Structure formats: C-alpha cells, structure tokens
Amino acid sequence: MSTQTIRPARSFQGSVTLPGDKSISHRYAMLGGLAEGTTRLSNFSTGADPHSSLACMETLGAKVVRTDEKTIEITGTTGSFGQPAKPLDCGNSGSTMRMLSGLVAPHAHIYTLIGDHSLTLRPMERIRKPLMQMGAKLDLIDGHAPITIYGGPLTAIHFDTPIPSAQVKTAILFAGLQAEGTTSLTESVRTRDHSEHALRAFGATLLRDGEKLSIPGGQTLKAINATVPGDLSSAAFFLCAALLFPDSNLVLDAVGMNPTRSSLLDIIAALGGKIKVLHVEEQHGEMVGTIQVNAPADGPTGMEITGALSAQVIDELPVLAAIGPYTRDGITIRDAKELRVKESDRIALVVKNLRAMGAEVTEFEDGLSVPGGQSLHGALIDSGTDHRIAMAFSIAALRASGDTEIHGAEAAAISFPEFFTLLDTLSVR
Ligand code: S3P
C-alpha cells in the first residue's frame, strides 16, 4: 500500500478539465459492447472501475481498441453475447457487477461475475430479486458475489425499487431492453438518469409517465460517437477544497452537470460558494458546462443533508463530511445508511479519520454530525482502500496544521488516477 503526504495549503487556484464521468463511461462501455457497429468514445474515464467494465465487454465478445486510456473504440456484439471462456471480473466496481448482471441475464449462457474483497462484501440481493422475477436464475453466496447467472429469455415485469439505486434501476432497464414485453419501474427516490440518456443515445425507446419509467423489450442498439463529460463526483473534491480558502478560484471545464447529479452544486452554493456557469450545452442528453467557483469571504456556512438529497449526493458525502469541521455551523448527514455498504463502511471510516485529525463528531446508523468551527491537525489516515475516503481526507488535510499521511492512497485510481497530481497543481503553498 502506498502512503501519500498532503501538506497544508494557503490557497486553491486554477483551471482543470476532469477525466470522463465514471457512471457515464460504464454505461457507454456496456451499451457499446451490446450495440451494432463501432462506438467511438473520447474522454473515457481513466478510473480502474470503467476499465473493468470494458474488460468484461471484451470477455463477452466485444472488440475493444484503446488508442490511449481515454480514447476507446468498441465494436459491439450486435445484441448477442457468447458463452465467456472465463469469469467476468468486475474488480472493485459495484456498478459493473450490478449493471452487467442485467445486461447478460437475457442471454442463454452461464455467467460468473467475480470481484475483489471489497466487492464481495457488498449487497447483491437487490439485483437478484427483479432479475429472478423476469425469469433468470441467479446464485449468490449469502447475498454476495461471486454471482452465477443462468441466463435465458426474460419476460417483462413491473418493479418498485425500494432502495434508491441507479445501479439496480439500470440492471432492470438493461434486462428490460432485451426482454419480451414492456418492463416498467418506479423509484422511491429519483436517482441519476445516465442510463436513460445513454439508452436513448444508442437508439432505444424509453417512456416516462410521471414516476413510472418503461422500456419496451426486443430493441436493438446502434453505435455512437461521444465525448464523456468530466466527472462531477471527482470535481467534488476540488469544489470542497475551493470553499476552504477565501481567495480561491477554481474553473472546471466541460464537467457533467446532469440535473440528477448537480444537487452537489446546490450544496456548494448553500455552503456559500459562488458559482458562475460560464457555458452549458447538451451532448447525448447530458448537460455539460464550464463553471467557476469562488469561496465565501467568511468561510463555508454549514448545513443538514437529509432525505432524497442524501441519496442524490451519496458519492460526495464523504468529502462534504470531511470539510465539516471547517464550516461555521457544521455538517449533519442523515438518511444515508447506504454509505455503510459502499466500497467501505464510509460512515465508520469518515468518523474514524475525522477523530484521528482531532475533530469532534457524532456517529449515527444513517449518518453523522460534525460541529463547525473546529481546527484539525495532520494525522495518519486509513483509506480502507476506498478511493473516496483517500481523496476526501486529502482535502481535509489542506487546512489542517501539519502534514497528513494518506495510507492506501493508491485507491484513488479506482475513479481518479490523476487526483494527487491535480491536487498538487491546484494547491497554493
Ligand atoms: C452509480 C450509482 C450509485 C453510486 C455509484 C455509481 C451509478 O450507486 O454510489 O458510485 O453509476 O449508477 P447506487 O446505485 O448503488 O446507489
């Protein structure tokens, strides 16, 4: 495991173009692998997770050419996957495992989906239920991976998703696309809608009637040419850093601003950040923009993040909690129990690491509360091999007294391999 030292900064300044969005890259890789023709993608995510999806698509018979890690060509299988010669290795990626399950289940083969230690601890029953109802057989081990899927022709269902999860929604949509009849679902909370946009971009029909989303089965897909927007969840680390220094100035170029993801920007604004949208356009249904962010003169205010909002910014909660001590009124997060079943138990690790840096924090089963107006000191941080924990505490370290050591820093490469280099460029010391 590698350790990264983060020194305190005096300010945060600069302009960055972020690597491609992880969620969108997964979807383009999977749908490109199923479609007819050659999909050409630029600014594909450099993170290890979407590259796990690409490797799985190769195992399923798609041809993948990596001009470089960001420029990818995928020649799809025109709707038919063969019997893979080896297991589908999803690495650390819950998105790959859950979404791919829906994509392969309609094919009459046996698929084994495996992953690393962290992935085998994550709940998979949530995808088994709808896919079994559609007619697939899935074997799990006590609710967890490895998953064995006995695929075959599926029939449409209606499903009410009890847990807000775009991954589960996507598994159902990908299976429904290839099933007989029209599959529909309703979500308890509307989650990120990249799958809906991606499916339409690849030529599929989807219908929305109020909260009900439907997808007719038996549809075929056509390859696309696309540029993946910059990843707003990666940008979140720098947006939070920008809030911490009164004279900060951060420009994010070509970043994804999909409204189902951009609640983060509302939170940054509610904390006092001044956001200017310099440019915005639509690409394949996704909003992409250039934004400039400046800090509030008297520091970030603080807020409570609860209910649907917690689900909408689930990936950004660790960094929002990590800057909580530096806010005026503190950060409280509730209704975020899902954080306990991400790449790590993110509530437990955020609490542990905040305490290591000298912060006062209260832990709840579904969140935490960090009082504002606290000073932190450098400490040894345990990333728990979780990318978002490693990056969140690198941001807290910028305003701590003394150096902070991030143990297991290499985990950042799961979503954002360029993180430490860019952090160093943007931090003024
Ligand atoms: C994702 C959905 C979220 C998120 C994950 C990516 C996606 O997970 O935490 O990082 O791309 O659909 P859930 O769908 O499990 O909430």
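A pocket is defined on a 1 Å grid over the protein atoms alone as an open set of points with protein on both sides within 12 Å along at least five of seven lines. A molecule sits in a pocket if more than half of its atoms lie within 2 Å of its grid points.

The model is predicted: local features need pLDDT of at least 70, side-chain atom pairs count only at pLDDT 80 or more, and totals for chains, interfaces and linings use all residues. Residues are numbered from 1 along each chain as its sequence is written, and side-chain values use heavy atoms, without hydrogens and water.

**Exercise 1.** Determine which pocket the ligand takes and which domains give residues to its shell.

*Solution.* Step 1: the ligand takes the space of the largest pocket. Step 2: the shell (heavy atom within 4 Å) has 13 residues, the closest being Ser23, Arg27, Ala166, Asp315 and Lys342. Step 3: because domain 1 (3–18 + 229–428) and domain 2 (22–227) both give residues to this shell, the ligand lies between them.

**Exercise 2.** Classify the residues of the shell as nonpolar, polar or charged.

*Solution.* Step 1: three are nonpolar, four polar and six charged. Step 2: Gly counts as polar in this scheme.

**Exercise 3.** Identify side chains in polar contact (N or O atoms within 3.5 Å) with oxygen atoms of the ligand.

*Solution.* Step 1: the side chain of Arg27 has an N or O atom 2.6 Å from a ligand oxygen. Step 2: for Lys342 the distance is 2.7 Å. Step 3: for the side chain of Ser165 it is 2.9 Å.

Notes: Polar contact = N/O pair within 3.5 Å; in protein donor to acceptor, adjacent residues only side chain to side chain. 1 Å grid on protein atoms, 1.4 Å probe; cavity = no way out; pocket = protein on both sides within 12 Å on 5 of 7 lines; lining within 4 Å. Domains from an automatic or database assignment.
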